[in-house]
Amino acid sequence: MNDKQQTNQVNRRSFIGHAAMGAAAFTALSASRVYGANERLAVGVIGAGGRGNSHMRAIHDLKDECKVDLIAVCDTYRPRLNAAAERYEIPKRYMNHKELLADAEVDVVSIATPDHVHGYQAIDAVLAGKDVYCEKPVTHWRQFELTKRLALEVQKTKRVFQLGTQGMSDGAWALMKKLVRDGLIGQPIHAECGYFRVGDWGERGMPIDDLNAQPGPDLDWDAFLGDSPQRPFDVSRYFRWRMYADYAGGPSTDLFPHVFTPVLSILGVSMPSTVVATGGKFRYQEREIPDTFNMLIDYPENITVAILGTQGNDYQGCGGTRGSAGRIPIVRGWDGTVTVIGNDVVFYPAQESNKEGQTFPIPAGEDWYGYWKNFFQCVRDANPETLSPAYLAYWVQTVFHMAMLGHREGKVAKFDSARDAIVL
């Protein structure tokens, strides 16, 4: 093995800089409580909006199969909090997430709040001894240091963590990962994925519960703002927060985690060397964040990943879709290419390769409830290797930090591995 290969191998294993806390080491550190087969898990949900209700619905529907109970819910808007508690018959209601985390009866929390408070709440949760299911993105695009700190705190506390990239439950990605690791495509050199849809219903379409809402005992504006710039209350900012750069990032952080997380897992790389991003508001002008975003990512292992996307057109390209509006990943190596056609992973040999084309049936598709069941089983087993663990979320989000920061500054973003720092 030459020096460059040795360096690349360390980079793939690296968790945070020189700590070398990769998946195997992370697993070895785990010493969380193991629950009995018939012991019930008590769950608290932080955030009672659209995604929070999706979490509560899944947890409620799985209460018998997974032996879980919804016992607490938290939201900064009391009418939304009360509606969720009544809908799912949740006995405990909190407007402050720290009060929920101080509840000794809560074993597990799910976090479904605005992007810019995810990281703080997740850190508070693991420090309080709770296992965590956190919506993507793991942090806001300006919070690289917080992302790093969260990954480190999960490692130190030995808590179970799973990011809400439920597409990782699709058997296609585990199969592609195995084929790449087994050497079918040879040395990986290039990959692409993307996300295409029409409409910004996920931003402008967010419902405003009450146009006359005001801060006070029933709406905690300061808690919503968190570490974002201090601004006077605005009903649109509070209820339609995905429209604003203070709290969200558009496709790069809201949509791309779904399509990029599998690709990074398949390739087995960690930190990038260079990220370039282009795009902007090409169709929807009311919002602050891009509706079209494209990225090129170089890795020290001599691999480039291209992520393309727009909310102004929904054509996916060859191969169609798998799971949602995500473009099917294509992973290219020196000896050939793997992608998905229908219900098969397909291998296309390179022109000069002596290999033959093959198809491999995909064992199962994306499973939202299966993703939750995997998480709860990992909690019971004190197994940190969830389908989307903290260190993978850190590696994925670093790319989006670099892309957004570079795009806003009109610069190429570099990652300094010696200092674990983003350089523009």
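**Close-up views of a predicted model**

View 1. Ser-265 is buried, its relative accessible area being 13%, which falls below the limit of 20% under which a residue is called buried. In this predicted model, Ser-265 belongs to helix 12, the element formed by residues 256-267. When residues up to four places away in sequence are set aside, the residues that Ser-265 touches are Met-168, Lys-177, Arg-181 and Leu-392.

**View 2. The largest nonpolar core.** The largest nonpolar core of the model contains 85 residues, and within it Phe-260, Met-295 and Val-305 have the most contacts. Helix 14, which covers residues 390-409, supplies the largest share of this core, namely ten residues. In soluble globular proteins, nonpolar side chains tend to be buried together.

**View 3. The contacts of Met-295.** Met-295 is one of the residues with the most contacts inside the largest nonpolar core. Once neighbours within four places in sequence are left aside, Met-295 is in contact with Phe-256, with Val-275, Val-276 and Ala-277, with Val-305, Ala-306 and Ile-307, and with Val-399, Phe-400 and Ala-403. Another core lies apart from the largest one and has 25 residues, among them Ala-42, Leu-101, Val-106 and Phe-161.

View 4. Val-276, Leu-296 and Val-412 make a nonpolar surface patch of about 220 Å².

**View 5. The whole chain as context for the close-ups.** The protein has 14 helices and 16 strands, and its C-alpha trace spans about 70 × 55 × 45 Å along the principal axes. Its radius of gyration is 21 Å, which agrees with the value near 22 Å that a compact globule of 424 residues would have. Of the 424 residues, 58% count as buried, while the accessible surface comes to about 17,200 Å², with 50% of that surface belonging to carbon and sulfur atoms. Among contacts between residues at least 6 apart in sequence, 69% join residues at least 24 apart.

Key. Residues numbered from 1 in each chain as written. Predicted model: local features only at pLDDT ≥ 70, side-chain atom pairs only at ≥ 80, totals over all residues. Heavy atoms only, no water. Helix = DSSP H or I, 4+ residues; strand = E, 2+ residues; numbered from the N terminus. Buried < 20%, exposed > 50% of the residue type's maximum accessible area, 1.4 Å probe, protein only. Contact = heavy atoms within 4.5 Å. Patch = residues over 30% accessible without salt bridge, like charges linked within 9 Å, V, L, I, M, F, W, Y side chains within 5 Å. Areas by Shrake-Rupley, 256 points an atom, 1.4 Å probe, with all protein chains shown as cover. Salt bridge = Lys/Arg side-chain N within 4 Å of Asp/Glu carboxyl O. Core = buried A, V, L, I, M, F, W, Y, C linked by side-chain atoms within 4.5 Å. Rg over C-alpha atoms; globule rule 2.2 N^0.38 Å.
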